[in-house]
Amino acid sequence: MYRYPLIPINAFAHAGRVVLFPSAPERLVAHWRNAGHEMSPRVLFRTALLGLLLAVAKPATANAAQLLGYTVGKSTYAEVKASLQERGASPRDKGTSVHSGGPMLEALGRPLGVEGLQSAFMIFDARNRLAGGLLTLHKSRYDAVVQALKAKYTLVHEVQHFVGNRFAEFRADSALVTVDAPHLSFELTVLYRTPAVKASMDREAAAREANRRRVDIEQF
């Protein structure tokens with residue numbers, strides 16, 4: 001069985017949206033004609049308009065990822081830092097993320113008004129837009145967190161054990177969101193990542209695993 005790795009609190013420091021476009025209006029018209037139907041100008045116009053609206057509309061289940069009230073891919077570093085200061089979360093600069101190419105912030109969790117939240121770690125891209133974050137909460141909050149995310153985003157995968165690791169992955173409009181509650185830990189993490197950040201972290205993980213295997217082979 002595949003086991004999801006635990007993401008450490010400093011994961012960002014060391015390291016989509018799928019749009020299915022419907023048929024274009026002209027293809028919708030061609031489909032009707034091929035089926036042997038004649039279309040009046042009014043019906044033709046309505047069909048073309050419907051196809052155009054569907055082509056540009058976002059999926060009904062797509063919601064922009066919200067991290068403590070900040071929007072992934074939109075909220076800026078300056079906005080988030082000023083807001084965290086106003087909320088009494090004492091944000092601290094943590095250097096530059098190798099995964100996003102932008103600055104990082106770490107903040108205290110208790111003043112942010114989320115029950116059980118211990119800390120918040122956020123990263124920004126080279127344009128200073130929020131690119132991801134890692135929330136650390138008490139493990140008892142797992143069910144409440146997952147239910148809240150289910151109400152907003154699309155559930156991709158979930159692992160539920162009465163005793164054991166618990167894991168859930170969601171897809172939002174601008175990010176992937178994962179909830180990880182390891183069996184032998186008193187904490188759970190909620191990880192937000194844009195597709196670009198996830199790809200970078202996956203590449204680092206793959207390189208690290210390849211290096212581990214190489215070292216193992218050299219021992220024999």
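The legends below describe several close-up views of one predicted model. Residues are numbered from 1 along each chain as its sequence is written, and side-chain values use heavy atoms, with hydrogens and water left out. Because the model is predicted, local features need pLDDT of at least 70 and side-chain atom pairs count only at pLDDT 80 or more, while totals for chains, interfaces and linings use all residues.

**View A. An aromatic pair between Tyr77 and Phe124.** Rings of Phe, Tyr and Trp (its six-membered ring) pair if their centres lie within 6.5 Å, and planes under 30 degrees apart count as stacked, over 60 as edge-to-face and the rest as tilted. By this rule the count comes to one aromatic pair. The rings of Tyr77 and Phe124 are edge-to-face, at 5.3 Å centre to centre and with 85° between the planes. Tyr77 belongs to helix H4 (residues 77-86) and Phe124 to strand S5 (residues 117-125), so the pair ties together parts that are 47 residues apart in sequence. Here helices (H or I, at least four residues) and strands (E, at least two) are DSSP runs, numbered from the N terminus. Tyr77 and Phe124 are both buried, where buried means under 20% relative accessible area, exposed over 50% and partly exposed in between (1.4 Å probe, protein chains only).

**View B. Thr76 in the loop between strand S2 (70-71) and H4.** Thr76 is buried, with a relative accessible area of 16%. Leaving aside residues up to four places away in sequence, Thr76 touches Phe124, Asn128 and Arg129, contact being heavy atoms within 4.5 Å. Although Thr76 and Arg129 are 53 residues apart along the chain, their C-alpha atoms are separated by 4.5 Å.

**View C. Strand S4 (residues 101-108) and the strands paired with it.** Two strands pair if DSSP finds at least two bridges between them. Strand S3 (residues 92-96) and S4 pair in the antiparallel sense over three bridges, and they form a hairpin with four residues between them. Asp93 has Leu105 in S4 as its bridge partner. S4 and S5 also pair in the antiparallel sense, over six bridges, with Met104 opposite Ile123 in S5. Six of the eight residues of S4 are buried, so the strand is largely enclosed by the rest of the structure.

**View D. The buried residues of helix H5 (residues 142-150).** In H5, Tyr142, Val145, Val146 and Leu149 are buried. They cover an arc of only 95° around the axis, which puts them on the same side of H5; the arc is that of the directions from the helix axis to the C-beta atoms. What covers these buried residues includes strand S6 (130-138) and strand S10 (187-193).
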